[in-house]
Amino acid sequence: MTPPPSRQLSHRQARQLMDTAYLAAATALLWVALYYLPVGSPLFRLALPLPLALLQLRHGWRCALEGLVVTALLLTALMGPIRGPLVLFPYGLLALWLGWSWRRRCSWWLSLGVGGLIGTAGFLVRVAVLSVLVGENLWVVITTAAANLLDRFAGWLGLVGGFDLAQVQIAALGLLLLQNLIVVLALHAVAYWIFPRLDLPISEPPPALRALVALDPL
């Protein structure tokens, strides 16, 4: 009895498989470096969503989703069932969103707004998981820092009176959203500078943001 003929991969399928493996491994390596290296944390955070977003620009959302699954499985094996899957929140989901919006040349306002919300929600998920692990409500630490910041601003402005808990929590969420919007804007700028060199240009920035990305450091 003759064995069935082996199925040969096409050049496109082989390239998809190779890109998925390499870019998923690059994402996992950046996540491990973010956890264990004492320096370079802002750079690693900024670079984390880019490999999977690049994968989606090259081969579509299916390959990007497969790359995200491979990344999560690899990190689960390397770092355990808690720290490994945390790469999904927000970096994995943010990579999928940015890759989808850049591939379809969506407006920067849309990709920035939704990206900022994804980043904020992912941070809150990580805070909840880490609070369970350490047995302490870390959100209290964040709201305390926000309360101190509000008190300092009130002192500078000469305002009298404290802030209630709802105001402090709204201020904390606002600061988180602002921080994530700045990070997502930086990701847009890096992709706008780098991806055209890989023959994968993204949409043009709106006129209001063009001055922020007009200077190409590369």
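Modeller: In this predicted model, a residue is called buried when its relative accessible area is under 20%.

Colleague: What makes helix H5 mostly covered?

Modeller: Of the 13 residues in H5, 10 fall in the buried class, and these are Tyr91, Gly92, Leu94, Ala95, Leu96, Trp97, Leu98, Gly99, Ser101 and Trp102. The cover over these buried residues includes helices H1 (11-36), H2 (41-47), H3 (50-59), H4 (61-79), H6 and H8 (165-194).

Colleague: Why are H5 and H6 called roughly antiparallel?

Modeller: The axes of H5 (residues 91-103) and H6 (residues 108-134) cross at roughly 170° and come within 9 Å. Angles over 145 degrees count as roughly antiparallel, and the two helices are therefore given that description.

Colleague: Which residues of H5 and H6 meet?

Modeller: From H5 come Tyr91, Leu93, Leu94, Trp97, Leu98 and Ser101, which meet Leu110, Ser111, Val114, Gly115, Ile118 and Arg126 of H6. Sorted by class, this contact has eight nonpolar residues, three polar and one charged.

Colleague: How do you know that the span of H5 is close to the expected one?

Modeller: From its first C-alpha to its last, H5 reaches 18 Å, and 18 Å is also what 1.5 Å a residue leads one to expect for its 13 residues. Just after H5, Arg105 takes a positive phi of about 55°.

Colleague: Which elements have the lowest and the highest mean pLDDT?

Modeller: Among the elements of the protein chain, H5 has the highest mean, 95, whereas H7 (residues 138-157) has the lowest, 78. The chain itself averages 86, with 92% of the residues scoring at least 70.

Definitions and conventions: Residues numbered from 1 in each chain as written. Predicted model: local features only at pLDDT ≥ 70, side-chain atom pairs only at ≥ 80, totals over all residues. Heavy atoms only, no water. Axes fitted to C-alpha atoms, helices over the stretch in contact; angles between N-to-C directions. Helix = DSSP H or I, 4+ residues; strand = E, 2+ residues; numbered from the N terminus. Parallel < 35°, antiparallel > 145°, perpendicular 65-115°, else oblique. Contact = heavy atoms within 4.5 Å. Nonpolar A, V, L, I, M, F, W, Y, C, P; charged D, E, K, R; others polar. Expected span 1.5 Å × (residues − 1). Buried < 20%, exposed > 50% of the residue type's maximum accessible area, 1.4 Å probe, protein only. pLDDT = per-residue confidence, 0-100.
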